[in-house]
Amino acid sequence: MTDLLHHTAPRQPEATPRDALVARDVHVQAGSFPAVRGVSAAFRPGVFSAVIGPNGAGKSTLLRALLGLNPVTGGEVTLAGRPLGAWSRAQRSRQLAYLAQSEGLPDGARVRDVVALGRGAGDWRFGLLPRTPWTPADEAAVDAALDRTDTRRFEDRRVSELSGGERQRAALARALAAEPRFLLLDEPTNHLDLAYALDVVRYLRCEVAGGLGVVAVLHDLNLAARADHLVLLCGGRVQASGTPHEVLTPEHLHAAYGLHVNVVQHADRLLVIPQD
Amino acid sequence: MQAAAPRRGLGVGLGTLLLAALLLAAVVLGTGLGSVTIPPGEVLGALWRGVTRQALEGNDVIVWQIRLPRVVMGALVGASLSVCGGAFQGVFRNPLADPYLLGVASGSALGATVAIVAGWPRALIPVSALLTALVAVACTLSLAREGRRFPPTRLILAGVVVGSVLSAATTALILRGEDRARQVLAYTLGDLGFSGWRDVLTVLPYAALGCGALLLLARALDTLQLGELTARSLGVPVERLRLIAVIAASLATAGAVAYVGVIGFVGLIVPHMIRLAFGPGHRTLLPLSALLGGALLVGADLLARTTPLSQVGIVTTLLGGPFFLWLLRKERHD
């Protein structure tokens with residue numbers, strides 16, 4: 001076990017701040033398959049983190065474990081120093097927002113109504129019955145989320161009338177409406193064209209500048225190169241973690257993807273180019 | 001800055017008013033038409049005299065003793081089945097779910113038939129119906145389940161299988177209890193003909209409790225439409241929501257089926273019509289479905305009484321079959 005820890009955390013991260021979301025030697029079982037096998041990583045507020053790795057590396061599973069949606073079979077996840085299990089469902093849902101890979105926005109619903117669903121679910125009695133009435137603060141949070149994602153101008157449209165990119169931004173607004181401390185996204189740029197994908201990253205960047213902690217599962221390594229902090233998963237373990245310069249090396253990527261790649265620097269950004 | 005001409009669909013307030021008027025019209029027509037035709041004005045007069053406890057006159061006795069219990073039962077059953085249908089569709093995020101297609105209605109019918117054939121007190125019929133409804137829905141769900149999920153097609157297939165098996169059991173019981181065969185056979189086809197005030201009062205708490213609980217869950221159901229994981233991330237305990245909603249819907253379904261039998265497709269058609277007109281939010285969907293469902297079933301019963309179709313269950317199934325096919329095609333295209 002010590003060997004494993006050593007392998008997954010090659011470098012002790014500098015002291016983690018008190019308000020971080022931290023995975024410590026996390027194991028998650030997906031059925032009989034160990035999807036996540038001893039992952040340690042720290043995610044901070046105000047930092048754009050991306051989780052990358054080949055298909056089946058355990059990225060989505062890890063994300064759901066960080067949210068407390070997947071039971072952890074070993075190790076623990078802590079939020080602000082407290083184990084996730086010690087937070088109540090309500091507290092947890094206010095701190096950690098989730099944007100699923102394909103969020104099921106009901107077709108006939110108006111954008112504003114969908115975004116409003118992101119508000120306050122955790123405050124309910126038994127999680128099911130609304131306790132507090134809708135307040136001006138709720139209204140303001142919904143407005144702010146609409147403004148920050150540029151979805152305000154079609155707040156009255158129905159979801160079925162939106163393009164893929166508009167839909168994703170509405171889903172992002174829904175997640176932001178809770179005013180969370182961390183936003184965890186599962187492949188938010190999936191099915192989006194390049195312009196929309198960059199849009200999403202730009203919106204996330206703005207939120208990060210405002211103090212939000214972002215943890216995004218990304219497939220596109222060149223998008224991931226725009227993150228502050230990368231965690232490269234492979235076979236349920238951390239292959240490498242750190243800044244894009246530390247993680248996006250031909251050696252690490254070959255170990256993870258079994259591909260020979262060139263990594264070049266363009267302006268101040270890294271580009272990953274697979275070799276034939 | 002205000003966006004121009006927002007498309008909100010029909011206003012909910014106006015819709016409520018229109019549907020309430022529709023329900024009232026159906027009740028008045030349903031009460032007035034029959035072997036003796038009573039004009040709407042007279043029906044309203046009779047209703048007013050009854051409600052204000054004045055002396056009854058003329059046709060008032062027909063209105064109050066014969067026609068009205070049947071019509072009120074129809075409205076109650078239509079409302080219950082529609083609310084349950086809307087709730088089932090929301091809980092399983094499955095546009096084809098309804099009490100009939102999930103086997104809950106057939107389950108209720110079996111319990112009710114057992115009670116009728118065994119000659120149990122009439123008030124025990126819905127209790128027996130509730131027990132078998134819960135068994136039926138448990139069977140359907142355990143057959144359909146894949147891990148934490150209920151894949152749409154599997155759910156409906158499981159419901160149809162459970163429903164068929166239970167209907168076969170019901171038929172076997174009917175054939176054994178021959179002396180009551182006519183009554184029970186009419187019952188399995190859905191019939192409002194035997195409803196009296198006592199039955200209405202027995203069913204009322206089932207409908208009120210079941211539908212009331214579902215209405216309270218409206219916002220949680222809305223949140224669930226974002227997806228199960230998203231709902232859980234927003235703090236909704238999805239398993240608990242499913243359990244409570246299914247029990248509440250089974251309660252209302254058992255009440256609805258207990259005295260009038262299986263009336264198919266109402267719970268499927270009505271919520272879809274409301275969704276098309278007013279959007280998918282359950283806070284409007286469920287109450288408006290209750291109004292439209294009540295009106296629709298009273299209308300269908302009227303059609304059954306005045307045409308050779310003879311039973312309300314036959315009318316709704318004839319209407320619902322094509323609607324179901326249309327829905328299937330629409331889902332495939334989406």
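# A tour of chains A and B

Start by selecting strand S1 of chain A, residues 21-30, together with S2(A): the two pair in the antiparallel sense, and eight bridges link them. The model is predicted. To see one of the bridges, pick A:Val22, whose partner in S2(A) is A:Ala42.

**The nonpolar core**

Select A:Leu66, A:Val115, A:Leu184, B:Ala87, B:Ala252 and B:Val257. These residues touch the most other members of the largest nonpolar core, which has 190 residues. Then show helix H3 of chain B, residues 60-91, which gives this core its largest share, 15 residues. As a general point, nonpolar side chains in soluble globular proteins tend to be buried together.

What is A:Val115 in contact with, leaving aside its neighbours within four places in sequence? The contacts are A:Val142, A:Ala145, A:Leu146, A:Ala170, A:Ala173, A:Arg174 and A:Ala177.

**Where the chains meet**

Show both chains and select the contact between them. Chain A puts in 31 residues and chain B 29 residues. On the side of chain A that touches chain B, helix H3 (89-95) and strand S6 (96-99) of chain A each supply at least two residues. By type, the residues on that side of chain A are 15 nonpolar, six polar and 10 charged.

**Chain B as a whole**

Finally, hide chain A and colour chain B by secondary structure. How many helices and strands does chain B have? There are 14 helices and zero strands.

The C-alpha atoms of chain B fill a box of roughly 65 × 60 × 35 Å along the principal axes. The radius of gyration of chain B is 20 Å, which agrees with the value near 20 Å for a compact globule of 334 residues. Of the 334 residues in chain B, 54% are buried. Among contacts in chain B with a separation of 6 or more, 76% join residues 24 or more positions apart.

Note on methods:
Residues numbered from 1 in each chain as written. Chains lettered and ligands numbered in written order. Predicted model: local features only at pLDDT ≥ 70, side-chain atom pairs only at ≥ 80, totals over all residues. Pairing = 2+ DSSP bridges. Helix = DSSP H or I, 4+ residues; strand = E, 2+ residues; numbered from the N terminus. Core = buried A, V, L, I, M, F, W, Y, C linked by C-beta atoms within 7 Å. Buried ≥ 20, exposed ≤ 12 C-beta atoms within 10 Å, placed from the backbone. Contact = placed C-beta atoms within 7 Å. Nonpolar A, V, L, I, M, F, W, Y, C, P; charged D, E, K, R; others polar. Rg over C-alpha atoms; globule rule 2.2 N^0.38 Å.
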